[in-house]
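This report looks at side-chain contacts: ring pairs, charges over rings and salt bridges. Please keep the structure open while reading.

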Amino acid sequence: MELKDIKSPDDIRNMSLEQLTDLAAQIRSALLSKLSKHGGHIGPNLGMVEAIIAMHYVFDTPRDQIVFDVSHQSYTHKMLTGRAQAFIDEEHYDDVTGYTNPDESPYDLFTIGHTSTSVSLATGLAKARDLKQGDWNVIAVIGDGSLSGGEAFEGLDNGAVLHSNFIVIVNDNDMSIAENHGGLYADLHLLRTTKGKADNNYFRSLGYAYRFVEKGNDLESLIRAFDDVKDYPNPVVVHIVTEKGHGYAPAVADKEHFHWGMPFNIETGQPIHADDEPDFSDFTYDILTDLKDKGSDIAVITAGTPTVSGFTADRRRLWGSRFIDVGIAEEQAAAMASGLAKNGVRPFWGVYSSFVQRAYDQISQDIAINKSPVVIAVFGASVFGMNDVTHLGWFDQSLLANIPNVVMLAPADKAEYESMVKWALSQTTYPVIIRVPGGPLKNLNIEVDEDYQDINTYKVIRSGHDIAIIAAGHMLGTALAAADVLEKEGMRPTVINPRYLSGIDEELLSSLSPDHRAVLTVEDALLDGGVGQKIASFYADRPMMVRNLGLPKVFLDRYDAHEVAMDAHLTVEGIVEQARNVFK
């Protein structure tokens with residue numbers, strides 16, 4: 001049967017092993033064709049082709065319920081559940097998301113994009129089934145890298161005592177996004193090398209029955225194992241050993257690079273549009289390395305995303321023990337950073353905006369209440385960052401800037417970012433969060449301070465009258481360009497760099513009143529709870545018109561960043577239009 005003709009898993013359940021093997025080859029070919037043209041998660045999907053075929057062959061989906069952790073490895077699942085056209089026909093590549101999505105199919109139970117969640121979600125499904133006296137299978141799929149997250153342990157811990165059917169398929173390819181880190185992985189290594197027979201068994205210690213599959217890319221072995229645990233009356237772990245990138249030599253040879261990627265040449269594995277331009281990640285590495293080389297007692301932390309701060313594999317080796325990867329465990333990263341700071345080491349944690357929110361409680365409790373001088377750099381904090389619904393980058397500011405004791409900074413350009421990082425790592429008074437500018441690595445040629453200890457002091461970049469434009473972070477460049485347009489129309493706007501997102505400069509705001517009739521705030525962040533609303537609140541009982549420009553409180557999926565920015569007036573034209581409207 002051709003892949004294009006498969007409409008549901010029912011179409012594969014009467015296939016022979018030979019036919020299933022041919023289907024796997026078709027799926028792998030379709031994956032490589034689409035991914036090489038479109039980009040996406042490469043290695044995770046190539047490694048799970050056979051396992052997902054076997055799951056749908058054995059289990060009665062969608063009655064039997066499967067939850068994929070992160071769900072970045074679910075492309076084969078989508079092909080088998082009526083969405084093959086989105087992987088075969090280039091015109092339909094964007095018909096589906098890169099993750100499971102209940103709006104697409106009843107076979108997708110949750111919209112998922114963050115790690116370590118599948119087991120916990122599946123415990124709820126299983127408990128509800130038991131309460132309703134149902135008899136279907138509940139299956140959680142989780143990769144070994146995801147096991148490093150605390151929620152994975154919490155889910156496994158609770159799932160073990162369900163005393164009913166609860167199947168956890170552990171996809172062990174000995175990789176996270178990069179290499180795995182943590183004591184758990186010595187146990188997994190031992191299980192792999194002993195073919196599941198080691199006395200030390202993490203899963204058995206929790207109370208699970210255990211089944212080991214040495215050949216996790218072999219359909220016959222997988223089908224046999226899944227048949228054995230189907231309808232099993234107690235919690236059971238099926239530990240399958242797969243190869244990340246299986247079937248594509250470049251992805252097997254460089255598993256970290258091919259975790260996710262943009263379009264590439266299938267023959268060589270090389271990116272089609274190589275981007276060798278330095279960015280804020282590379283620049284961050286340069287800043288931190290310079291500080292270390294000059295004697296700063298610094299340690300850099302990542303929660304499973306080392307390249308966000310520019311730490312490629314070769315650079316990690318150069319830093320040795322001063323580069324700490326805690327696994328995909330943001331809570332651990334935050335609390336560990338506080339402990340490092342307590343004992344005199346200067347911790348720097350680079351993290352994506354979408355992921356930092358996973359550690360809100362630790363940032364509030366373990367860092368802020370204790371006034372630990374931790375430095376957190378938040379990357380991808382922009383409407384121009386990742387654009388799928390599970391990875392939005394504009395909620396961090398409202399969450400973090402309103403935690404007491406925290407100083408949250410918004411550098412406008414390359415030079416100000418460097419200055420803020422160096423100051424943050426030199427001071428010991430505040431926890432400091434730096435919202436890394438979105439967009440290219442560039443300078444605005446504005447005056448930059450070396451000391452930010454006098455918190456909540458804004459900086460006037462251009463003096464004027466009638467209207468003040470207060471633009472946070474990289475929006476300052478857009479505001480300055482808008483001011484140039486307005487000046488040609490006879491207006492003389494004041495342009496202000498607020499720099500601090502966690503407080504306001506009451507003295508400067510008060511000084512605007514005599515010569516300004518309006519204040520326009522601009523931020524590439526959630527409008528609710530942002531710096532603009534803080535400023536509007538300050539002027540609530542004063543004769544000042546205030547307009548706030550920012551992003552809406554909505555979950556958007558696969559949006560066009562420029563369209564969203566235009567709708568929110570976060571463009572030169574939008575700022576100019578809003579400034580004109582103030583005086584209509």
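## An edge-to-face pair

Phe258 has a relative accessibility of 5% and so counts as buried. The model is predicted. Tyr248 is also buried, with a relative accessible area of 5%.

In all, 18 aromatic pairs are counted. Tyr248 and Phe258 make an edge-to-face pair, because their ring centres lie 5.9 Å apart and their planes stand at 85 degrees. The two residues are 10 apart and link distant parts of the chain. Tyr248 sits in the loop between β6 (235-241) and α11 (249-253). Phe258 sits in the loop between α11 and β7 (260-261).

## A stacked pair and its cluster

How are the rings of Phe311 and Phe323 arranged? Their centres are 4.6 Å apart and their planes meet at 20 degrees, so the pair is stacked. Phe311 lies in the loop between β8 (298-302) and α13 (313-319), whereas Phe323 belongs to strand β9 (residues 323-325). The pair therefore ties together parts 12 residues apart in sequence.

One aromatic cluster holds Tyr285, Phe311, Trp319 and Phe323.

## Charges over rings

Arg315 places its charged end over the ring of Tyr285, 4.4 Å from the centre. Tyr285 is a member of the aromatic cluster. Elsewhere, Lys34 lies over the face of Phe87, at 4.2 Å from the ring centre.

## Salt bridges

Side chains of opposite charge can pair when their charged atoms come close. How many salt bridges does the whole structure hold? The search finds 31.

Asp10 and Arg13 form one of them, with N to O at 2.7 Å. Arg13 is buried, at 18% relative accessible area. Arg315 also takes part in a salt bridge, with Asp282 (3.0 Å, N to O). Asp282 lies in helix α12 (residues 280-293) and Arg315 in helix α13, so this bridge ties together parts 33 residues apart in sequence. Asp282 counts as partly exposed, at 26% relative accessibility.

Lys459 and Asp449 meet in a further bridge of 3.2 Å, N to O. This pair links distant parts of the chain, 10 residues apart: Lys459 is in strand β14 (residues 459-462), and Asp449 in the loop between β13 (432-435) and β14. Lys459 counts as buried, at 15% relative accessibility. Shared partners also join Lys78, Arg83, Glu104 and Asp108 into one salt-bridge network.

Technical notes:
Residues numbered from 1 in each chain as written. Predicted model: local features only at pLDDT ≥ 70, side-chain atom pairs only at ≥ 80, totals over all residues. Heavy atoms only, no water. Phe/Tyr/Trp six-rings, centres within 6.5 Å; stacked < 30°, edge-to-face > 60°. Helix = DSSP H or I, 4+ residues; strand = E, 2+ residues; numbered from the N terminus. Buried < 20%, exposed > 50% of the residue type's maximum accessible area, 1.4 Å probe, protein only. Lys NZ or Arg CZ within 6 Å of the ring centre and 35° of its normal. Salt bridge = Lys/Arg side-chain N within 4 Å of Asp/Glu carboxyl O.
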